[in-house]
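Here is a structure to read alongside some questions about the terms used to describe it. How do such terms follow from their definitions?

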Amino acid sequence: MTATPGLYSDVIRQRWRQPRFRGEVAGATATAEDVNPLCGDRVRMTLRVRDGAVEAVRFTGDSCAICSASADVTAELSEGQPAATAARLTTEDVLTVLQADVRPTRMRCVALPISVLQKALQP
Amino acid sequence: MRLDDQTRGDFPILDRIVNGQRLVYLDSAASSQRPRAVIEAMAQYYATSHANVHRSIHTLGEEATALYELARDRVQRFIGAASREEVVLTRGTTDGLNLVADALGRTLRAGDEILITDLEHHSNIIPWQMAARDRGVTVRSVPVGRDGRLDLDAFDRLLGARTRVVAFAHVSNVLGTILPVARLSARARQVGAVVVVDGAQAAPHLPLDIPALGCDFYVFSGHKMLGPTGIGVLWGRREALEALEPTRGGGEMIKEVWIDHARWNDLPWRFEPGTPPIAEAVGLTAAIEYLEKLGMERVTEHERALARQAVEQLGAIPGVTVYGPPAAVDRGAVVAFSVEGLHPHDVAALLDQEGIAVRAGHHCAQPLMRSYGITGTARASFSVYSSPEEVSLLSHAVGSLRSRL
C-alpha cells in the first residue's frame, strides 16, 4: 500500500490520534455546537472567557480526522487570545498549521470548528 | 461471457486514471455512468433534430416530439405499464415524489396520517413532511430491524383507518433491503390508502412489472440507470393519476385557457408543464434499450453476485461492520459498511487515493442512521460494468485502511 500523501498530513494524523484539546472546559462561560450538513458531523466547543480573553477552549464531537484535527488546532490557536482576535480566526490560519492539501469538498470539515468557535464567541 | 466483460468497453469514463490508478467506480447507486450509446444519442439529437416539442409545426419540431414521445413508449415497455398515458416524464425521483406528495397533500385533512418507513431517503420523507405541515396531518414511520428488514408487524399495527398515504422505497439506498412491495401495497389498499413507491434503487437493477406490484404510484430516475441526469419517471395507475389534481401550471399541461380558469390537458401531459427535458428523454430511451439488450434478469444476477461477494469479503475483515441483510438474502446493488475507528469520509478519501470511488456519509437517510446509532457509513454500489475484481480491490484496500491513518 502506498504512503498517504497530501490530504492526510502528518499533522492531521497526529492531531486526530492524540488531540490535545478534546474534552470539556470546567466552568465554561460559552458553548456552541453545529453540524456539517454534508456528512452530519457534529462539533461542540466549550469556552471560558474572562475579561475579554479566551482562557480555555475544548471540543467534543463525532467527526472525521480532518474536522477533529481542525477543531484541535482551532482550540490551540484561540486559547490565550483576546476574544476579538479568536473570533477572527480563519480557515487559512488553521490550514497553515495542518499543512494539508485539503480539497474543496472537504473544506467544510476544516471550517466547521471555526464557525462553532465564532458562534460561541458571539456576544 | 461475464456481463462486465461485455459492457466495460461501452463506458468511456471507466478508462479514467484517478490518483494514478485506474478508476474503480463503486458509486453507481448515487449516479451510474453512461454508455457511449447514451452519450451519442444525446449529441446526435442536439446536432440534428433539436427543436421544442409538441407545438412546433415544422420538421425539426416533429422529429423532436417523436423522439420525446418515444421515450414514453420505451419506459412503458420497460416497466410493463398498461398504457403510455400512465407514464409521466419528470426531472427525477425527487421531482416525482414531490409532485405526488404535493398533489396528494392537498386532499388531506386534519387527523389523516401518512405512513413511511425508517429506511427512506430524505426525498421520500421531506415531501411528506411538507404535505403534512399546516394541515394537522401526522407522518408516522415503520421501524427497521438490525437485519435491515422492515418490521412487518409494526407496519400492520401502524396502518389504520386514518392512513391516507403509504410511501416507501422498493430497495433501500443504504441497506440494500428489497421491500415486499406487493404485500405492503395489498395491506395498504385494504385500508384505502394510496401507495407511493420510490423505485430509484430498483429500476436500474431489477426486472420491473410495476402493475403487478399493486401500488398506485412508482417513481424513479434516469441517471441511476445509465441514462442522463435531469429526467425521471412517475408511473401512476390511470385512476390514481386521474384523481390527482395538477399542482404545477404552464404551457402544454392545458387544453384551453381563459384569464380566470383553464381546462387541463389529457394524461400524461397534464403533469408535464413547460419545455420538458427532451435530449434527456432521448438519452433515457438509449439507456433503456441498452439495458433491455443486456436483459434485466442478467443484470440482477450479475449485481447480486457482486453484492454477495462484497458482503462476504468486507464482512470477513476484522473491525469492519457490514449493514443490511445477511449475504444469503437477496439485496439491491448496494453494500454499506463501516471501519472501526475510522470516520466514513476518511474511509472514502483514503479509498479515493487508490482510485476507488465509494459514497460516504448519511446517504440522505439520517433517520435510518439515527436508528442504527451511527452518523454515517461508507457504501459501495454496483452496476452492469462493475466487476468481481473491483470488489476484491475494494476489500483489499479496506483491509489495510486502519494502518494508513
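The questions and answers below set values against definitions.

This is a predicted model, in which local features need pLDDT of at least 70 and side-chain atom pairs count only at pLDDT 80 or more, while totals for chains, interfaces and linings use all residues. Residues are numbered from 1 along each chain as its sequence is written, and chains are lettered from A and ligands numbered from 1 in the order in which they are written.

Q: What is the mean pLDDT of chain A?
A: On the scale of pLDDT, the predictor's confidence in each residue from 0 to 100, the mean of chain A is 91, and 95% of its residues reach 70 or more. Over residues 1-5 of chain A, however, the pLDDT is below 50. Where pLDDT is low, the predicted coordinates should not be read in detail.

Q: Why is Gly341(B) called exposed?
A: A residue is exposed if 12 or fewer other C-beta atoms, placed from the backbone, lie within 10 Å of its own, buried if 20 or more do, and partly exposed in between; Gly341(B) has 11, and is therefore exposed.

Q: Which residues of H14(B) are buried?
A: They are Glu390(B), Val391(B), Leu394(B), Ser395(B), Ala397(B) and Val398(B). They cover an arc of only 165 degrees around the axis, which puts them on the same side of H14(B).

Conventions: Contact = placed C-beta atoms within 7 Å. Helix = DSSP H or I, 4+ residues; strand = E, 2+ residues; numbered from the N terminus. Arc of directions from axis to C-beta.
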